[in-house]
Amino acid sequence: MNMSKAGLNFCYLILFCWVVACTSPAEENPESRPNILFIMSDDHAYQAISAYSDRLIRTTNIDRIASEGILFLNACVTNSICAPSRAVILTGKHSHINGKIDNRFPFDTSNVTFPQILHDHGYQTAMFGKLHFGNNPKGFDQFKILPGQGNYYNPDFITKYDGDIHLEGYTTDIITDMTLDWLEQERDTSQPFFLAYLHKAPHRRWLPAERHYREFIHKSFPEPETLFDDYSGRGTAAASAEMNIFTHMDWAADSKIYPDVMDELNIPETSERDKRSFLAAVARQTPRQRAAWDAVYRPMNEEFKKEYANMSQKELMSWRYQRYMQDYLGCIAAVDEGVGKVLDYLDENDLTKNTIVVYTSDQGFYLGEHGWFDKRFIYDESFKTPLLVRWPGVVEPGSINSQMVQNLDYAPTLLTAAGITPPKDMQGESLIPLFKGDTSGFRDAVYYHYYEYPAVHMVKRHYGIVTEDFKLVHFYDDVDEWELYDRKKDALEMHSVYNDPAYEKVVKELTQKLAQIRLKYKDNEELDKKYIELYKTDN
Ligand code: SGN
Ligand code: CA
């Protein structure tokens with residue numbers, strides 16, 4: 001059949017209109033469907049990333065993300081604890097809405113997560129490492145996740161296709177290798193990808209890799225100004241928390257004083273899991289790993305034996321702080337190396353240009369500030385979290401942002417970046433204007449709510465509002481206490497000024513603003529009570 005030229009042109013026109021009609025704006029331009037590499041570590045304090053401060057450690061590879069992208073100085077979480085933070089990140093909704101208020105109950109998988117949405121829109125999705133949800137991730141083409149908290153040595157993994165597997169080696173390195181293997185062997189080059197590379201490190205009971213403990217055990221680190229905080233000047237919550245390095249850290253499992261040495265020195269266990277956790281951790285090591293470990297940690301124990309009797313309480317606290325930092329920072333060294341390898345892979349495979357790289361942690365962590373380890377509190381070092389983002393062509397290299405962004409914002413941001421309109425019920429904001437340097441109209445306050453009490457570390461339930469200048473906190477449940485911090489004048493948060501008449505007006509204004517923000521995010525006293533009751537019945 002012959003067709004006239006005009007007829008042919010008409011067909012082309014129809015074809016063109018059809019293609020335009022079927023292609024969403026994001027799909028028109030492959031550049032607007034970037035790959036996403038989402039890197040998250042567990043309990044990685046911003047104080048231990050040299051892009052923020054090089055007081056403690058150099059993290060050259062992680063820093064690269066900020067020097068080639070943007071560093072967020074005031075990123076924070078909505079609820080500073082592992083699984084709840086992950087639920088907020090994946091759903092873009094506060095804990096009281098997504099239902100994952102604490103670490104204990106499994107995540108409600110009827111929630112829609114942003115990787116599921118990316119998957120529905122043609123993204124290839126994979127997850128490697130720690131999820132900590134009590135169930136498997138939905139919407140992933142591939143996953144290999146640690147059961148629960150996971151182990152540092154010779155870990156088990158739950159896998160999508162191979163059931164439960166046991167591997168020999170150091171977990172941080174294994175998660176990195178899984179990530180690299182997936183990029184090399186399973187990535188489908190016809191689709192953009194969302195790759196979640198999720199470290200267990202540097203979560204507690206810190207066990208560095210051999211190559212790092214050899215080095216770090218001989219290092220010493222500057223003490224934070226508030227290491228000897230006596231918790232006066234505030235309500236009862238700080239003093240009643242059980243996360244002091246001197247009082248609540250386990251001698252064997254945390255400080256790595258061997259059980260036989262504890263016996264010899266008459267050091268009682270801090271908790272009933274003190275020796276047990278230590279023994280369980282070393283029992284996972286192969287004979288070769290154990291011998292290498294003993295060759296370094298046994299001499300440290302012998303040194304300690306000689307000094308212990310003459311040490312004052314203050315000296316012991318300083319000693320335990322150093323032990324803590326040596327192992328915690330040693331764990332981070334392996335994370336930084338892993339990040340370097342994955343960034344190098346992107347470079348070598350021409351993927352850097354069209355891949356958004358995010359580095360964050362599930363929350364911050366106390367590195368001796370207020371005498372503490374762990375997190376949970378709204379006080380800065382646990383409330384704030386690292387956030388570094390690289391997106392070539394969109395983010396100007398070396399950008400720095402001070403806006404109050406939250407983990408709540410990651411889902412809407414990454415969906416928007418992929419050209420997808422975030423569902424209306426997501427509660428976060430897209431950070432893309434901030435990536436481009438446009439900070440106008442961004443929120444001036446964030447909302448925080450912590451629930452897991454009574455539980456390990458005994459941090460009381462509290463919610464609060466944080467602005468650039470102030471932090472107003474309400475501790476409730478078994479207390480009814482308010483605290484106010486002047487963030488400019490008291491950056492270390494050592495004195496609540498809630499009852500100071502000079503702050504009467506600030507208290508009044510912020511109390512109103514807190515009520516408004518609770519309303520905005522649909523949180524309220526009925527929900528607070530509901531979650532207290534739920535906790536009691538299921539405890
Ligand atoms: C464990 C840790 C705690 C930690 C919680 C929550 N103890 O219980 O120190 O606060 O996890 O951490 S340990 O004996 O297991 O080390 S989280 O990152 O999962 O929220
Ligand atoms: Ca955590």
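How many of the residues of helix α15 are buried? In this predicted model, 7 of the 8 residues of α15, which spans residues 410-417, are buried, so the helix is largely enclosed by the rest of the structure. The buried residues are Tyr410, Ala411, Pro412, Thr413, Leu414, Leu415 and Ala417. These residues pack against both strands and helices: the strands are β1 (35-41), β8 (355-361) and β9 (387-390), and the helices are α4 (82-91), α6 (114-120) and α16 (432-435). Helix α15 is followed by Gly419, whose phi is positive, near 80 degrees.

Helix α13 takes part in two helix contacts described here. Two packed helices are described by the angle between their axes and the distance between the axes. In the case of α7 (residues 171-186) and α13 (residues 313-348), the axes come within 9 Å and cross at roughly 10 degrees. Because angles under 35 degrees count as roughly parallel, α7 is roughly parallel to α13. On the α7 side, the contact is made by Thr172, Asp173, Thr176, Thr179, Leu180, Leu183 and Glu184. On the α13 side, Ala334, Val335, Gly338, Lys341, Val342 and Tyr345 contribute. The residues of this contact divide into 6 nonpolar, 4 polar and 3 charged.

The second contact involves helix α3 (residues 60-67), whose axis comes within 7 Å of the axis of α13 and crosses it at roughly 50 degrees. This angle makes α3 oblique to α13. Here Thr60, Asn61, Ile62, Arg64 and Ile65 of α3 meet a set of residues in α13 formed by Val335, Asp336, Glu337, Val339, Gly340, Leu343, Asp344 and Asp347. The contact of α3 with α13 comprises 5 nonpolar, 3 polar and 5 charged residues. Val335 of α13 takes part in the contact with α7 and also in the contact with α3.

Several backbone features lie in loops. Most residues other than glycine have a negative phi, and most peptide bonds are trans. The peptide bond from Ala201 to Pro202, however, is cis, with omega near -5 degrees. Pro202 is placed in the loop between β7 (193-198) and α8 (210-216). A cis peptide bond also joins Tyr453 to Pro454, again with omega near -5 degrees. Pro454 belongs to the loop between β11 (445-450) and β12 (462-467).

For Asn266, phi is near 60 degrees, and the residue is found in the loop between α10 (259-265) and α11 (274-283). Asn266 has a relative accessibility of 67% and therefore counts as exposed. For Lys522, phi is near 65 degrees. Lys522 lies in the loop between α17 (504-520) and α18 (525-538), and its relative accessibility of 58% means that Lys522 also counts as exposed.

The surroundings of ligand 1 complete the description. There are 17 residues around ligand 1, of which Gln149, Arg205, Asp374, Arg376 and His457 come nearest. Polar side-chain atoms of Gln149 and of Arg205 each lie 2.8 Å from an oxygen atom of the ligand. For Lys375, a polar side-chain atom lies 2.9 Å from an oxygen atom of ligand 1.

Technical notes
Residues numbered from 1 in each chain as written. Chains lettered and ligands numbered in written order. Predicted model: local features only at pLDDT ≥ 70, side-chain atom pairs only at ≥ 80, totals over all residues. Heavy atoms only, no water. Axes fitted to C-alpha atoms, helices over the stretch in contact; angles between N-to-C directions. Helix = DSSP H or I, 4+ residues; strand = E, 2+ residues; numbered from the N terminus. Parallel < 35°, antiparallel > 145°, perpendicular 65-115°, else oblique. Contact = heavy atoms within 4.5 Å. Nonpolar A, V, L, I, M, F, W, Y, C, P; charged D, E, K, R; others polar. Buried < 20%, exposed > 50% of the residue type's maximum accessible area, 1.4 Å probe, protein only. Near = heavy atom within 4 Å. Polar contact = N/O pair within 3.5 Å; in protein donor to acceptor, adjacent residues only side chain to side chain.
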